[in-house]
Amino acid sequence: MSQRQVLQVFEQYQKARTQFVQTVAELATRPQNVETLQNAGVMSLLRPLLLDTVPTIQQTAALALGRLANYNDDLAEAVVKADILPQLVYSLAEQNRFYKKAAAFVLRAVAKHSAELAQAVVDCGALDALVISLEEFDPGVKEAAAWALGYIARHNGQLAQAVVDSGAFPLLVLCIQEPEIAVKRIAASTLSDIAKHSPELAQTVVDTGAIAHLAQMTLNPDAKLKRQVFSALGQISKHSVDLAEMVVEAEIFPAVLACLKDPDEYVRKNVTTLMREITKHTPELSQMIVNAGGVAAVIDYLGDSKGNVRLPGIMMLGYVAAHSENLAMAVIVSKGVPQLAICLVEEPEDHIKAATAWAFGQIGRHTPEHARAVAAANVLPKLLNLYLDTQSSEDLQVKAKKALKSVLQKCTYLPALEPLLYEAPSNILKHVICQFSKVLPHDSKARRLFVTSGGLKKVQEIKAEPGSALQEYINAINNCYPEEIVRYYSPGYSEALLERVESYQPA
């Protein structure tokens, strides 16, 4: 065989390998092909190609493996069991930028599925190789490495701590200062994935000076970057008063309120979530958000939104109102109650209704004036219906009941209480009757109205245990009226009168 023929054989072999990996990589992009590829034993065929002498074959083999591992955890586990990860980690330090991107993609695709698979990636020494890749000149390699680190860190605090211990933090902070938007996005996302687990990890993010850099990007025109920036700031803020104050001190308010009108739904949601995480800590932080116009802006946001994106806004209003009478009044004055009432009616999901019910409880529990604002919006019958509805989740029933009681115990606005006389079960009814027993002795107009509206008649029909709190409240109401009026409206009085007519003997 001549030299030329030998070279032709090698060329054909190389073409065949190239065609094979390219075809597999292409087939792996379509979910319907994945199971067939797996059953054909494609993993064991791709593995030796990672060490191929031709760089493009190596890269395409890694890309194909990444696409397969990305599909589900079974395939990701197959990559781990085939002992492919150590090979990839070794090659990360040795190969060109194209291979490095593909190798980091495989590590990310394996790590994303579960903490166990992410731990397998860590155990094969991937962290050091990924951290070194963050120092690469090529932005694509930095992005791929940061992405893989984020997918490892997101599962739990232990894995996030492993990422921190690998020395990734200072390099991630440098990445958010890179000119390439894609690198900024992934670096911010990874910082968010690390900060979310614990106050200590969030503090580590803060100690590297990340807040100042994140704050500078809050008004960047790129929506996907803003999503990650606000997510990271929210994850930092949620853990403690000190961390929330550090975010506030970066002077992002009131400028970021403009992002509540952003065309991107997730930007709006993440800004609102950030505000929720800040306001929940102290009255002072809530007051700062109120002073910046945050409450009014969130109420407008609720009016412009639908579904799950409303949830952080609803909770934020509840947290603000919970702190003090004045802050609850700020929610009322900003027309928060009617907007929350709309959310309660419009939203089909029980967990959103439950959050809305909780927010009403926080607003109405302070004083009669606060309770009246909630009651006047016709919220009480709706809360009662949610509590009584057997289709409501247990959490919704509990929160609706608690909110009802909180508002009722302060409510002296009788027109809103009267419909509950006819519908409320005894455990709620006693709170309604209690409020009437407090108001009627001091209000002659209300006493008259209570008779003409049928309220007094309804009270006489209530069967209360002798000596119970409910019976005491009924007695207090009855003591507001002449005895003959109470008798007149008592059940059986008309029959007793008729009996007297029948037995009466005219003179």
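T279 touches S286, I289, M316, Y319, V320 and H323, when residues up to four places away in sequence are not counted. This residue belongs to helix α18, which spans residues 265–279, and T279 is buried, with a relative accessible area of 0%. The model is predicted.

**Helix α18**

- T272 is a further residue of helix α18.
- T272 has a relative accessibility of 0% and therefore counts as buried, the cut-off for buried being under 20% relative accessible area.
- The contacts of T272 are with L260, V298, Y301, P312 and G313, again leaving out residues up to four places away in sequence.
- T279, in the same helix α18, has among its contacts M316, Y319 and V320.

**Q339 in helix α23**

- Q339 is found in helix α23, a helix that covers residues 336–346.
- The relative accessible area of Q339 is 12%, so this residue is buried.
- Apart from neighbours within four places in sequence, Q339 is in contact with I299, L302, G303 and R310.
- Q339 and L172 lie 167 residues apart along the chain, and their C-alpha atoms are separated by 41 Å.

- Helix α26 comprises residues 379–388 and is mostly covered, with seven of its 10 residues buried.
- The buried residues of α26 are V379, L380, P381, L383, L384, L386 and Y387.
- These buried residues pack against α23 (336–346), α24 (350–364) and α25 (368–376), and also against α27 (394–408), α28 (414–423) and α29 (426–439).
- Helix α23, one of the helices against which the buried residues of α26 pack, is also the helix that holds Q339.

- D242 is located in helix α17.
- D242 counts as exposed because its relative accessibility is 52%, the cut-off for exposed being over 50%.
- An α-helix has 3.6 residues a turn, so residues three or four places apart point the same way.

**Buried and exposed residues**

- T279 and T272 are each at 0% relative accessibility and are buried.

Note on methods. Residues numbered from 1 in each chain as written. Predicted model: local features only at pLDDT ≥ 70, side-chain atom pairs only at ≥ 80, totals over all residues. Heavy atoms only, no water. Helix = DSSP H or I, 4+ residues; strand = E, 2+ residues; numbered from the N terminus. Buried < 20%, exposed > 50% of the residue type's maximum accessible area, 1.4 Å probe, protein only. Contact = heavy atoms within 4.5 Å.
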